[in-house]
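Here are a few friendly notes to read alongside the model. Please keep the 3D view open and look up each residue as you go.

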Amino acid sequence: EDFLNLIFKAMMKDSLNSSHPVSSAVQSSEQIEEMFDALSYIKGASLLLMLKHYLTKDVFQAGIEVYLHNHNYGSAQSDDLWDSMNEITNGTLDVKKLMKTWILHKGFPLVTVVRKGKIISVQQEKFLYRVEPENWTSDASYLWHIPLTYKTSSCNFTHCTNAYLLDQKSGM
């Protein structure tokens, strides 16, 4: 419950146009200190949970083990974690491409789901809680790779999870 409350607080901050990406280039030590705030930590943790759920626990765990093995007693960059996950997925999913849309964009998407008979359509757009005129920038080009998981009525709810990657503005 506490983590969920933290996630909602981070999402509120991240829904403002004055937000910042989880990862960005820095030029000074002051900029480094500014980057390590609650938004970065909580959003980062949430993104790892999202990835774990989409890849499955076992695949995610194997990716973490590869990452730790490849970088023990050394330094690493953010791409190194995604590269380790890519090793485990054997090219079936470009984890780096998926995760860069989340860590390099500020904010998060609003996903709208519409059902017409047996057809389900989904659409994404950047969510803004409040537009701050002094900090407003157009984010029309923002596009996230959103891993969606779902269950159907033909599934038993413990073993039948379907997945869909929304990597366009809309899909079916």
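This is a predicted model: local features need pLDDT of at least 70, side-chain atom pairs count only at pLDDT 80 or more; totals for chains, interfaces and linings use all residues.

The points below cover confidence, strands and salt bridges.

1. The chain has a mean pLDDT of 86, with 85% of its residues at 70 or more. Among the elements, helix α4 (residues 57-71) has the highest mean, 95, while helix α2 (residues 29-35) has the lowest, 68.

2. Next, find strands β1 (residues 109-116) and β2 (residues 119-126), which run antiparallel and are joined by eight bridges. They form a hairpin with two residues between them, and Gly117 in the turn has a positive phi of about 65°.

3. Strand β5 (residues 170-171) pairs with β2 in the antiparallel sense, over two bridges.

4. Now turn to the salt bridges; the structure holds four. One of them joins the side chains of Lys13 and Asp37 at 3.1 Å, N to O. Lys13 lies in helix α1 and Asp37 in the loop between α2 and α3, so this pair ties together parts 24 residues apart in sequence. With 40% relative accessibility, Lys13 counts as partly exposed, whereas Asp37, at 16%, counts as buried.

5. Lys43 and Asp14 also meet in a salt bridge, at 2.8 Å, N to O. This pair links helix α3, which holds Lys43, to helix α1, which holds Asp14, across 29 residues. Are these two residues buried or exposed? Both Lys43 and Asp14 are buried.

Terms used: Residues are numbered from 1 along each chain as its sequence is written. Side-chain values use heavy atoms; hydrogens and water are left out. pLDDT is the predictor's confidence in each residue, from 0 to 100. Helices (H or I, at least four residues) and strands (E, at least two) are DSSP runs, numbered from the N terminus. Two strands pair if DSSP finds at least two bridges between them. Buried means under 20% relative accessible area, exposed over 50%, partly exposed in between (1.4 Å probe, protein chains only).
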